[in-house]
Amino acid sequence: MESNKGILVVGLTQRGKLIPAAYELLTAGRALADTLKEPLAAVVLGSKVSDYAKEFIERGADKVFVIEHASLENFNDELHAKAVAELVEKEKFGKVLIAATVAGKSLGARLTVKLKAGLAADATEVYQNGTGLKAKRAQFSGNIISEVQFASATQIATVQPMTYPRAEKQAGRTGETVSVAFNPGFARIEFVSFQAEESNEVDLGAAEKIVSGGRGLGNADGFKAIRDLAHAIGAAVGASRAVVDSGWIPYRHQVGLTGRTVRPKLYIACGISGQIQHLAGMSSSGTIVAINPDPECPMMQMASIAIQGDANELLPLITAEIKARKGAAAA
Amino acid sequence: MSLNIVVCVKNTPTTTNVSVDPATGKIKSSGLVYAMNPFDEYAVEEAVRLKERIPGSTATALTVGPDSSESVVRDAISRGIDAGVIVSGPEFDGDNAYSASFALAAAIKKLNAEKPVTIVLFGKNTNDGNSGMVGAETAAWLDWPGVVSVKKIDSIDDKIAVVWRMMEDGTDVLKVTLPACLSTTKEINEPRLPSLKGKMAAKKAAVPKWTASDLGLNAAQLSELAPSLVAKCSTPPARPAGMKVEGASAAEKAKKLVDILIERKLI
């Protein structure tokens, strides 16, 4: 099938701010654009988002479409899909990259049907070879990597956050900005309110560092030491399913197939033995540190750095050591 | 006022520890045992809870898959669902979210024509494909509103549902015009086990099988159900071997770990 031309990166905003993974898409998109010798475009959607156009251009986009409308302030499955689909149909983009966040995955699903366009969900790699676009994604809790190929004129991938580095700013880079009118029409989903949760904490999905706790902490109080270390190094707090099910910490902290998939540079697993569902959510992390009394457990076997011992004893010592070093460095 | 609920379920392997046939690049399916996708248990439970909340409501379990998938419909009935339907046929064997959601939407249209459907519930994702796309794609095929990541159905009647959507940074509260498709998270409830009464009902239930022609689908529609597909499968590369941090005391181990993390510029 004759492919459409051009790559579109979708810049979703949440609570008025661009999601950080959008700049990661620019890295993936720029590589595709250079391989294919096609232009890289981006679209940014929200209620007041035009300021991001310059940012996108400086980070690699050749052209930025700005769709500003009050109805796009909060993610709405139908309206966001309508806005992006209208743009893709008008401009006949060949490839559409979306970050695989809650909103991005919902958008990708709606677009694949609306545009009759193939979709690779949660891609961990997107590349072009001699026979077309390919995307890799995990299945079966990460035990299987499947390679997706496309047979449609437009091809969509939702890309796992933290898979690609964020595109750097290149001062003075120029490009075109186009404002696009949007008529939402009748909306069947009405946004009522937003309840922020633990806003002082780093979001798991976008975290470069995660300190995660499991059953080995003994009880819910064990998470105090996890949070102390997380705060000391600017990390997000993760957890295994077992402790979430036990009510030690809310579900949103759960890492794994049933919870969130994460790809931080550093993952510190404390008292987590490493059930396959948990490993599925974090095995792509850069460096994995495991702290566990059982050297034979799956997490200790998989770890880049394994420390045999009790997390409750080791965590305060590690946090104190880090604080002492930082204090010494600052002095 | 009562609800007519549809809950979509899938029969999936009970293990994710599967292997690839290197000759074909496909997953070896022989010897695998199948059961209800564990995430679908939450959707089934929520359907049963909605029935309990609004007496007179009915719930139908719907699946697409090979004939053997009938067992997953019976499992749903054993958990309190009233009836079930299986959509089956070679046209839907591709096992991709696009064709599965197309088949589900066609069946939901048929159910909707018999008696208007209020709400369609899905699990978060399947434990085999893992994409989490089917609920939102079904909404798109039906041109109904779709909400993913639903952790609570706060209020519902036959016209409007107020739902809580778990986002990365908190919870969105949304007012959704029905009918709509909702994909649930595991936070929405705690599934109960099948009851003895349910198991009896499941055994006795007649589970109709609908084919593409029963759903009024034509060859042209069915020929366009794979805009993307899995070319081949492989196992992920092994992680590089790790190192052990040894020490005579916990303090020494802690200090050594911090040394390594600083040296590798990880903190």
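This passage describes two interfaces in a predicted model, namely that between the two domains of chain A and that between chain B and chain A.

Chain A is divided into domain 1, covering residues 7-179, and domain 2, covering residues 204-330, and the C-alpha centres of these two domains lie 31 Å apart. Contact between them involves 10 residues of domain 1 of chain A and 9 residues of domain 2 of chain A, and the area buried between the two domains is about 770 Å², with 57% of it on carbon and sulfur atoms. Of the area that domain 1 of chain A buries against domain 2 of chain A, 66% is supplied by A:Ser141, A:Gln160 and A:Met162, more than by any other three residues. Across this interface 0 salt bridges are found, together with 1 residue pair in polar contact, and the touching side of domain 1 of chain A consists of 3 nonpolar, 6 polar and 1 charged residues.

Between the chains, 77 residues of chain B are in contact with 82 residues of chain A, and about 6900 Å² is buried, of which carbon and sulfur atoms give 59%. In chain B the most area is lost to chain A by B:Glu168, B:Lys186 and B:Arg239, which together account for 11% of what that side buries.

The interface of chain B and chain A holds 6 salt bridges, including one between A:Arg110 and B:Asp143, whose closest N and O atoms are 3.9 Å apart, and 43 residue pairs are in polar contact. Helix 7 of chain B gives the largest share of the side that touches chain A, 11 residues, and that side divides into 40 nonpolar, 18 polar and 19 charged residues. Strand 11 of chain A, residues 189-196, runs antiparallel to strand 11 of chain B and is joined to it by 7 bridges, and A:Glu190 has B:Lys175 as its bridge partner.

Definitions and conventions
Residues are numbered from 1 along each chain as its sequence is written. Chains are lettered from A and ligands numbered from 1 in the order in which they are written. This is a predicted model: local features need pLDDT of at least 70, side-chain atom pairs count only at pLDDT 80 or more; totals for chains, interfaces and linings use all residues. Side-chain values use heavy atoms; hydrogens and water are left out. Domain bounds come from an automatic or database domain assignment. Contact means heavy atoms within 4.5 Å. Buried area is the accessible area (1.4 Å probe) that two parts lose on being put together, summed over both. A salt bridge is a side-chain nitrogen of Lys or Arg within 4 Å of a carboxyl oxygen of Asp or Glu. A polar contact is a pair of N or O atoms within 3.5 Å; within protein, one must be able to donate a hydrogen and the other to accept it, and residues adjacent in sequence count only if both atoms are side-chain atoms. Ala, Val, Leu, Ile, Met, Phe, Trp, Tyr, Cys and Pro count as nonpolar, Asp, Glu, Lys and Arg as charged, and the others, Gly among them, as polar. Helices (H or I, at least four residues) and strands (E, at least two) are DSSP runs, numbered from the N terminus. Two strands pair if DSSP finds at least two bridges between them.
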